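Try each task on your own before reading the solution.

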Amino acid sequence: MSHKTRRRFIQELGLSSATLPLLMGLPSVASAARQSTRKQRLVVMFTPNGVVQKNFWPEQTGSEFTLPESLKPLEPYQDQTLVLKGVCDRVRGDGDSHMRGMSCLLTGIELFPGNIQGGSHTPAGWASGLSMDQEIKNFLQSKAETQTRFGSLEFGVNVPDRADPWTRMVYSGPNKPVAPINDPYRMFEKLYGSVKDQAHLRSVLDGIHEDLAKVRPHISREDHHVLEDHAELVRGLEAELTAAKDQELQVPPPEQTPGIKETNENMPLISKMQIELMVSAFANDLARVSTLQYTRSVGQAKMSWIGVDDDHHGLSHKPDSDEDSQEKLTKINKWFCEELAHLVKRLAETPEPDGSGSLLDNTTIVWTNELGKGNSHTLDDIPFVLVGGGLDFKMGRSLQYERVAHNRLLMAFAHSFGHHVETFGNPDFCGDGVLGDLT
Amino acid sequence: MLRFMRQENSKIRDTLWVVTCLGFVLASLGDARAEEDLKVRGLQVYKNLCADCHGDDGKGVAGASESPLHGTRSIEDLTRVIVQTMPEDDPDACVGEEAEAVSRYIYNAFYSPASRLGTSANRVQLSHFTKQQYAIALSDILSMSRGNAPANKIWKKGGLKGIYYNDRRHNNKEKKIERIDPVIDFDFQEGTPSEELEKKEEFAIRWQGSIWVEEDGDYEFIMVTENGARLWLNGEQSPLIDEWTASHGPPRENRATIRLIGGRGYPLRLDMFKFKDKRSSMVLKWKPPHGPEEVIPASVLSDQGTYEIFVPTTTLPADDRVFGYERGISVSKDWHAATTAGALEVAAYVANNIDRLAKTREQDEDRADKARKYCEKLVELALRRPLSDDEKQFYVGRFFEGEEHLDAAIKRCVLLTFKSPRFLYPTIENNPPDDFDRATRLALALWNSVPDRALFEAAEKGQLNTLEQIATHSKRMLEDPRAHKKMRDFLHVWLQLNEKEVGAKNEELFPEFDPLVLADLRRSLNMQLDEVVWSDSSDFRQLLLAEEVFLNARLAKIYGVEREFEAEFEKVRFEPEHRAGVLTHPYLMASLAFHDLSSPIHRGVFVTRRLLGRNLNPPPQATEFKDGDFQHGMTTREKVAVMTEPAACMSCHNVINPLGFSLEHFDAIGRYRDHEADKPIDASAIYVSEFGEEIKFNGAKDLARFISENKTAHGSFVDQLFHETIKHPIDAFGEGTRENLIEKFEKSGYNIRELWLEIAKVSTLHRHSPESEGSDVAQN
């Protein structure tokens with residue numbers, strides 16, 4: 001388990017522990033109002049360094065299409081998949097393409113000039129606007145019927161512990177990046193910490209009673225009543241803990257294998273742990289919006305588990321003519337796609353607690369990237385692969401647009417939630433309104 | 001004669017509830033019969049001579065002595081008053097043994113607080129850590145568990161070490177300057193910090209060292225810069241403020257709050273860099289408890305390094321103050337829930353930091369063993385004694401043997417320990433107390449904490465049971481910053497500074513009296529308190545008589561002192577013809593004043609209660625001092641006199657007013673004045689002591705001299721120091737203890753430190769219960 005300071009722990013709880021209610025009411029409290037409306041969820045999954053275009057985009061458009069090598073793992077869910085080619089990040093200004101690719105991906109707006117120097121171009125600071133996932137979260141949290149305990153959850157997988165425009169895609173406002181939680185144990189603590197604490201406390205109650213009995217002979221008779229008061233309070237705590245235990249979650253917290261360290265080699269394990277936590281958080285309705293960020297823009301994962309020992313970003317710079325590298329990069333993206341397919345599978349096999357189908361029926365995952373292609377650093381043809389029924393888009397299709405600004409796609413996400421924004425990010429890129437042909 | 005006595009009687013009635021001491025101590029148990037005889041005799045005398053006026057149960061008789069015979073005077077004082085003044089019509093009728101018998105009877109039957117509260121007033125009740133002790137104990141236990149001294153002494157203050165680099169990456173090869181920067185308040189504009197850094201486009205700076213904090217509480221840190229920067233405070237695990245990426249623009253203000261325990265130093269590091277920003281600047285400010293937002297002053301910064309200290313953020317509910325000082329006797333649901341939250345906080349901290357604490361690594365094969373050993377040490381520190389094998393198994397071993405993961409084992413062990421009554425109630429002791437019990441008493445008496453390693457080792461060797469051994473350790477312990485902090489806290493309570501925040505003053509009348517001045521005054525007062533207590537003579541009287549005050553340039557200007565200052569604060573002979581130690585310190589005078597006027601009543605009540613140790617009942621009716629109610633042109637003194645004229649008021653205000661009037665030369669910000677508007681100040685007063693003596697004062701110096709020489713005042717100081725530091729009634733520590741302490745205090749030249757050491761010794765060695773009760777805690 002990675003170290004974390006108490007300060008961080010408390011920040012995550014959003015409370016000072018002085019006010020921390022010991023027996024925090026259990027997280028999912030389904031109200032009648034909420035049950036009456038259909039739940040909608042959005043997940044943004046990020047993987048870095050562009051793709052090998054020829055192995056990524058289907059050749060055909062429309063509902064009859066073949067998934068190329070990189071997207072093969074999605075075959076079982078092809079009818080629920082929507083592949084969007086021709087969506088471009090048109091945002092320019094300060095920062096290199098990796099920085100803008102990352103920090104403008106969900107914000108659709110320029111970076112502030114700043115003090116962080118990239119591999120080329122001018123130095124930059126943070127994005128100058130909030131990201132679409134946070135926009136939607138704020139919208140959902142503003143209404144009682146769509147409010148959840150956390151609103152959104154930001155998951156990371158092997159994101160390095162540093163804060164700069166390459167590591168942050170979620171923004172709660174201009175200059176306000178939101179850090180993903182990398183450590184599945186920390187995420188567990190955030191979601192279910194009180195449940196675990198309650199179990200620990202329950203396990204020591206007998207010991208406390210035993211201790212109280214042991215010290216009794218050493219206390220003056222006049223003070224025995226204090227000890228009795230104390231014992232009574234311990235019994236009260238016991239009763240509260242029992243009551244809390246009976247108040248079951250919709251689904252129990254996932255069992256976690258202890259002691260998985262955050263290393264390059266453990267990336268597949270951490271990815272699965274994070275996916276389990278996301279699925280259980282959705283089942284318990286702790287949030288409706290989530291992001292899942294693999295490493296960072298310029299990420300350097302070495303995927304030895306699929307036989308690739310080179311680092312990812314290094315490989316992505318190799319020319320198209322380097323067949324070996326193209327093959328490795330295709331493998332890397334296929335592995336990411338397998339993780340996506342695993343998330344899809346877990347959502348598909350987990351029923352909505354109210355019996356209205358599966359979680360996948362009401363969740364759309366958007367798989368995306370900061371670049372179209374690694375070696376050219378292009379922000380054109382940014383990968384956007386959508387899976388699931390959360391946004392009511394017409395799925396099972398492959399579409400090709402003519403260099404449309406990605407701001408218009410971001411707006412479409414909001415519109416699907418009934419949040420009819422007129423522009424998003426830089427308005428210059430929102431000219432023709434919400435991206436068409438999606439529903 | 002009769003007339004005088006009548007007057008005197010009313011005085012007695014009014015002042016019978018006097019003196020915070022609870023002098024009487026139960027007679028030894030062997031003398032039960034003699035005791036019984038004395039009681040019968042006392043009752044007879046009371047019925048014959050007193051009951052007509054005071055009622056059978058001391059509740060008073062309408063038309064005669066109407067106030068109930070309740071008070072806090074000691075039995076000796078009570079006897080003296082009776083001998084001198086009672087019965088009213090024939091004071092000679094009750095003297096000698098009769099007076100003593102009736103005094104004892106009155107005291108035990110209804111007069112003393114103890115008689116009204118049951119027997120709790122004169123015994124050591126089962127007590128848990130107070131709110132403050134709890135926080136300190138948790139912090140110190142965790143520091144000691146990893147081999148650190150709980151409170152690091154910072155010797156040298158005056159600024160942080162500043163290291164300047166000629167590149168943006170803090171690259172050691174590019175290190176150009178190393179110097180002490182007294183404060184972090186720089187505007188480099190479009191240039192560089194120094195000619196040695198030649199690149200305008202990029203440079204980096206690191207400031208490091210430690211910060212010394214005086215008060216317990218939440219500190220807000222404010223970092224203002226347009227560049228990239230990170231601030232670490234109390235540990236390098238994660239920055240308190242991380243603003244490494246900086247979008248161009250005006251300087252940004254970043255704020256973060258952290259809980260700290262006062263009287264100790266914490267590590268601080270601030271890294272910044274400039275890269276292609278147009279300008280660069282850095283200001284590091286804070287807002288400490290009781291202080292304004294300001295640039296962190298050099299006097300709290302040091303280039304000396306120190307280590308991280310665990311500071312719990314869980315706060316226990318406020319302690320019981322029914323006896324006038326905090327005691328850990330309230331076992332409420334709030335308290336219980338807070339101790340659970342505290343135990344959970346410690347459990348999470350230990351589990352999350354186990355590798356650092358137990359000096360192990362995740363991949364180590366013996367990690368679990370090391371964690372277990374660490375936990376055993378932690379439990380010993382928390383329970384303040386070595387563990388038997390059974391106890392090791394009970395608190396630690398069994399959790400490590402199951403299938404549970406290490407994380408769960410650690411948490412369960414910590415939860416059980418910090419929820420254990422043996423941790424929570426330091427008064428749970430062996431009978432008779434053993435060396436470990438004495439170590440705990442001593443640590444609480446001088447540090448509000450748990451025993452350190454030296455005490456623990458002494459106890460293990462059985463070297464903590466003689467006066468001499470206790471004295472040796474006590475002396476050593478006074479050197480620890482925690483003792484200084486505890487003494488400071490006591491003096492603040494003594495000066496009533498803990499009761500409410502000194503407020504802002506009327507801006508039209510005192511335009512220059514801003515929050516910075518107020519903070520300077522508090523610092524100045526603290527310096528004076530420290531200087532008196534920690535000087536060689538440690539003379540209590542100097543608190544009242546000193547003619548010097550610590551001033552800085554800002555204060556000198558307001559208080560009319562013309563002088564150049566070399567140091568931040570300097571000791572200045574300040575209006576020696578008018579000033580009287582801390583009594584007339586501007587901070588105290590300002591705290592005992594309205595926002596526009598002096599307040600003779602607040603000042604008088606303070607002197608009566610805190611300095612002279614006389615008790616006052618709450619006013620019979622609430623009266624608000626409204627300036628508009630008075631004729632134009634009246635002085636504050638005249639207004640107070642008019643307002644408190646009714647007989648119901650005068651019973652107390654005949655004591656309060658003259659004491660308050662003596663301080664009328666000091667206005668609402670504690671500045672000396674000769675006139676109020678166009679009338680000269682009248683600070684003359686006649687004070688009538690509890691024995692009916694009339695003492696004439698003219699001004700603060702007379703008053704201070706009187707207090708410094710007054711036996712009741714000395715007794716009151718002894719009581720207050722005892723109660724604030726030991727947190728049990730002085731009467732629970734044996735008959736004659738109080739009188740002995742007062743006598744020693746006087747003989748030592750009123751040496752405050754000697755008195756405290758004496759209190760620590762007496763309280764550590766005293767045996768609370770007879771041998772027959774209880775058994776050995778260690779043997780369960």
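**Exercise 1.** Find out which side chains of strand S3 (residues 185-189) of chain B are buried.

Solution. Start with the terms: strands are DSSP runs of E with at least two residues, helices are runs of H or I with at least four, and both are numbered from the N terminus. Buried means under 20% relative accessible area, exposed over 50%, and partly exposed in between, using a 1.4 Å probe and protein chains only. Next, look for the partner: S3(B) is joined by 4 bridges to strand S10 (residues 280-287) of chain B, and the two run antiparallel. Strands count as paired if DSSP finds at least two bridges between them. Finally, B:Gln189 has B:Ser280 of S10(B) opposite.

A note on conventions: this is a predicted model, where local features need pLDDT of at least 70 and side-chain atom pairs count only at pLDDT 80 or more, while totals for chains, interfaces and linings use all residues. Residues are numbered from 1 along each chain as its sequence is written, chains are lettered from A and ligands numbered from 1 in the order in which they are written, and side-chain values use heavy atoms, with hydrogens and water left out.

**Exercise 2.** Work out the strand order of the open sheet of 7 strands in chain A.

Solution. Reading across, the order is S5-S8-S1-S9-S10-S2-S11, with mixed pairing. At the edges sit strand S5 (151-157) and strand S11 (397-405) of chain A, each pairing on one side only. From one strand to the next, the twist averages 15 degrees. One residue to check is A:Glu154, whose bridge partner in S8(A) is A:Thr291.

**Exercise 3.** Describe how helix H13 (residues 435-447) of chain B packs against helix H15 (residues 467-478) of chain B.

Solution. Two packed helices are described by the angle between their axes and the distance between the axes. Here the axes come within 10 Å and cross at roughly 35 degrees. Axes are lines fitted to C-alpha atoms, for helices over the stretch in contact, and angles run from 0 to 180 degrees between N-to-C directions. For the residues, contact means heavy atoms within 4.5 Å. Those of H13(B) include B:Leu442 and B:Trp447, and those of H15(B) include B:Ile470 and B:Met477.

**Exercise 4.** Is B:Arg637 buried or exposed, and what does B:Arg637 touch?

Solution. First place the residue: B:Arg637 is in helix H22 (residues 636-643) of chain B. With a relative accessible area of 18%, B:Arg637 is buried. Leaving out residues up to four places away in sequence, B:Arg637 touches B:Phe661, B:Glu664, B:Asp682, B:Ala683 and B:Ser684. With B:Asp682, a polar atom of the B:Arg637 side chain lies 2.7 Å from the backbone oxygen.

**Exercise 5.** Check the length of helix H25 (residues 711-726) of chain B.

Solution. The expected span is 1.5 Å times one less than the number of residues. For the 16 residues of H25(B) that gives 22 Å, and the end C-alpha atoms are 22 Å apart, which agrees. As for burial, 15 of the 16 residues are buried. Just after H25(B), B:Lys727 has a positive phi of about 65 degrees.

Methods:
Polar contact = N/O pair within 3.5 Å; in protein donor to acceptor, adjacent residues only side chain to side chain.
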